[in-house]
Amino acid sequence: IMQKVLAYAANIACSDSAVIIYGESGAGKKAMAQYIYTHSARKDGPFLVLNCASLAPDQIDLALWGGAGQNGVLAAAHNGTLLLEDIGTLPFSTQINLCNAIRRRTFRRPGSGESVPCDVRILVSSQKNLKELVDAGIFFDNLYYSLSVFLITVPPLRQRKEDIIPLAHWFLEAFNEKSPVKK
């Protein structure tokens, strides 16, 4: 299953279009985003991650746009890739502003008339079906259509049991490198 998903991800990595990555908690959505990034033309640019659910609504705008001479993640990711985790938790007004920034490839920092360039490839992840959130009026439809150029679903490990043994070996080797056993 994962070989097909990775082949698709490698294929769309060549594009500069937005990607929605669906999957359950712990399925590997961030790892999939990193895979797309490392196989893209933007791999030499920054790769930044913002977990939208981890911030209070009043902090999310500061994190995205910056303020008082500080760069937010959109400006910091210029010429690179930005992963917005749990995008379905963004306040509706922020969704509208993000949609405008993606389309214009520029935005205005709050409290400033200055136009900030943001040539950024946007990857988003969600456990929730964003189309259903659009239908429920919770997610801005134009943002959804801007983001849904490519859709990837990372299946949970219970659906790919053939990956358990290789993953166990990989983790064992990784942990042994970090903490070698003394004889």
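**Figure 1. Strand β8, enclosed by the rest of the structure.** In this predicted model, six of the six residues of strand β8 (residues 121–126) are buried, so the strand is largely enclosed by the rest of the structure. Buried means under 20% relative accessible area, with exposed over 50% and partly exposed in between (1.4 Å probe, protein chains only). Strands (E, at least two residues) and helices (H or I, at least four) are DSSP runs, numbered from the N terminus. In a regular strand, side chains alternate between the two faces of the sheet. Both faces of β8 are covered. R121, L123 and S125 are buried on one side. I122, V124 and S126 are buried on the other.

**Figure 2. The strands that pair with β8: β1 and β5****.** Two strands pair if DSSP finds at least two bridges between them. Strand β1 (residues 19–23) pairs with β8 in the parallel sense, over four bridges. Here I21 stands opposite S125 of β8. Strand β5 (residues 81–85) also pairs with β8 in the parallel sense, again over four bridges. L82 has I122 in β8 as its bridge partner.

**Figure 3. The largest pocket.** This pocket holds about 550 Å³ of space. It is lined by 20 residues; closest to its centre are A27, G28, A31, R160 and L167. A pocket is an open set of points on a 1 Å grid over the protein atoms alone, where a 1.4 Å probe fits, with protein on both sides within 12 Å along at least five of seven lines; lining residues have an atom within 4 Å of a point. Grid points are joined across faces, edges and corners, and the volume is the space filled by probe spheres set on them. Helices α1 (2–13), α2 (29–38) and α8 (164–178) each supply at least two lining residues. The largest share, four residues, comes from α2. By class, the lining has twelve nonpolar, five polar and three charged residues. Ala, Val, Leu, Ile, Met, Phe, Trp, Tyr, Cys and Pro count as nonpolar, Asp, Glu, Lys and Arg as charged, and the others, Gly among them, as polar.

**Figure 4. The second largest pocket.** Its volume is about 200 Å³. Among the lining residues are D61, W65, N97, R104, F107 and S115. Two or more lining residues come from each of α3 (57–65), α5 (92–104) and β6 (106–108). Helix α5 gives the largest share, four residues. The lining has four nonpolar, four polar and three charged residues.

**Notes.** Residues are numbered from 1 along each chain as its sequence is written, and side-chain values use heavy atoms, leaving out hydrogens and water. In this predicted model, local features need pLDDT of at least 70 and side-chain atom pairs count only at pLDDT 80 or more, while totals for chains, interfaces and linings use all residues.
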